[in-house]
Amino acid sequence: MCMICFTEALSAAPAIQLQCGHVFHLHCCRHVLMKRWVGPRITFGFSLCPICKVPMEHPTLTDLLANIKELYEDVRRKALMRLEYEGLHKAESTFGPGGRYHEDPAAYAMERYAYYVCYKCQKAYYGGEARCDAQVGGETFDPTELVCGGCSDVARAQMCPKHGADFLEYKCRYCCSVAVFFCFGTTHFCNPCHDDFQRVTTIPKGELPSCPAGPKAKQLEGDECPLHVKHPPTGEEFALGCGICRNAHTF
């Protein structure tokens, strides 16, 4: 019995033995690799052997695996850079002896951060912490809403000549604060607005506070924006610039 389709015996169709030693239908392996992950967030469990969880390897799958491996290395590189950017790459409790991710920061970074494929450029981009991904809604999503900072016309994102769009910092959509979270692949939140997202996301755009706006979409007194920048009205996305360059003193 093929442990991918669970419907036919291995003798019923051409089968291959993966490098790990397990045997499956060739067309089942190719179908899994072509379908890729479920939902908007990039994950790589689909490319593992269903039995031993070792990456699939076979000459007849090379054409499909090449793009998957390239994407994996891109996500891995970006996740590790963000881990360092946030100063979490030296956490002894996480990577030290006895830690769940002992000497494996890449696994931690790829589990902590969610990456998506931009609908426009087809490249992987940072989409917030993975714990926010549960709010996206499984397979029900509009892929055209998954747009990276570099391709976002609404955000007016400025491409960093050194780091590209991987580390762009954004203004919170609902107040004049630097965003910490980017959820649903579309919306930037600061910590307080993220904690209150079920309320702030339902406020009609015309009823949102004007600049200066405080956390949790509260109107502040005065005329000066806490960010000291000119930006679009509250309720729209806006890129502040490259976070790596803005915070170079932390390295």
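A search of the whole structure finds seven salt bridges, a salt bridge being a side-chain nitrogen of Lys or Arg within 4 Å of a carboxyl oxygen of Asp or Glu. Side chains of opposite charge can pair when their charged atoms come close. You are looking at a predicted model, where local features need pLDDT of at least 70 and side-chain atom pairs count only at pLDDT 80 or more, while totals for chains, interfaces and linings use all residues. Residues are numbered from 1 along each chain as its sequence is written, and side-chain values use heavy atoms, leaving out hydrogens and water.

**Stop 1: Arg-30 and Asp-63**

Select Arg-30 and Asp-63, whose closest N and O atoms are 2.9 Å apart in a salt bridge. This pair links distant parts of the chain: Arg-30 sits in helix α1 (residues 26-35) and Asp-63 in helix α2, 33 residues apart. Helices here are DSSP runs (H or I, at least four residues), as are strands (E, at least two), numbered from the N terminus. Arg-30 is partly exposed, with a relative accessible area of 22%; buried means under 20%, exposed over 50%, and partly exposed in between (1.4 Å probe, protein chains only).

**Stop 2: along helix α2**

Now select Lys-78 and Asp-74, which meet in a salt bridge at 3.1 Å, N to O. Both lie in helix α2, four residues apart, about one turn of the helix. Is Lys-78 buried or exposed? At 6% relative accessibility, Lys-78 counts as buried.

Next, show α2 (residues 62-85) together with helix α4 (residues 105-112): they pack at an angle of about 90 degrees, with their axes 8 Å apart. Axes are lines fitted to C-alpha atoms, for helices over the stretch in contact, and angles run from 0 to 180 degrees between N-to-C directions. That makes α2 roughly perpendicular to α4, a label for angles of 65 to 115 degrees. Among the residues that meet here are Tyr-72 and Leu-83 from α2, and Pro-105 and Met-110 from α4; contact means heavy atoms within 4.5 Å.

**Stop 3: Lys-171**

Move to Lys-171 in strand β5 (residues 168-171). Lys-171 is buried yet has no salt bridge, and the nearest side chain of opposite charge, Glu-237, is 8.0 Å away. What does the side chain of Lys-171 reach? Look for the backbone oxygen of Cys-175, at 3.0 Å.

**Stop 4: Pro-209**

Finish at Pro-209, in the loop between α6 (197-200) and β8 (213-214). Pro-209 is buried, with a relative accessible area of 8%. The C-alpha atoms of Pro-209 and Tyr-174 are separated by 8.2 Å, although these residues are 35 apart along the chain.

Notes:
Lys and Arg count as positive and Asp and Glu as negative; His and the chain ends are not counted. A polar contact is a pair of N or O atoms within 3.5 Å; within protein, one must be able to donate a hydrogen and the other to accept it, and residues adjacent in sequence count only if both atoms are side-chain atoms. Angles under 35 degrees count as roughly parallel, over 145 as roughly antiparallel, 65 to 115 as roughly perpendicular and the rest as oblique.
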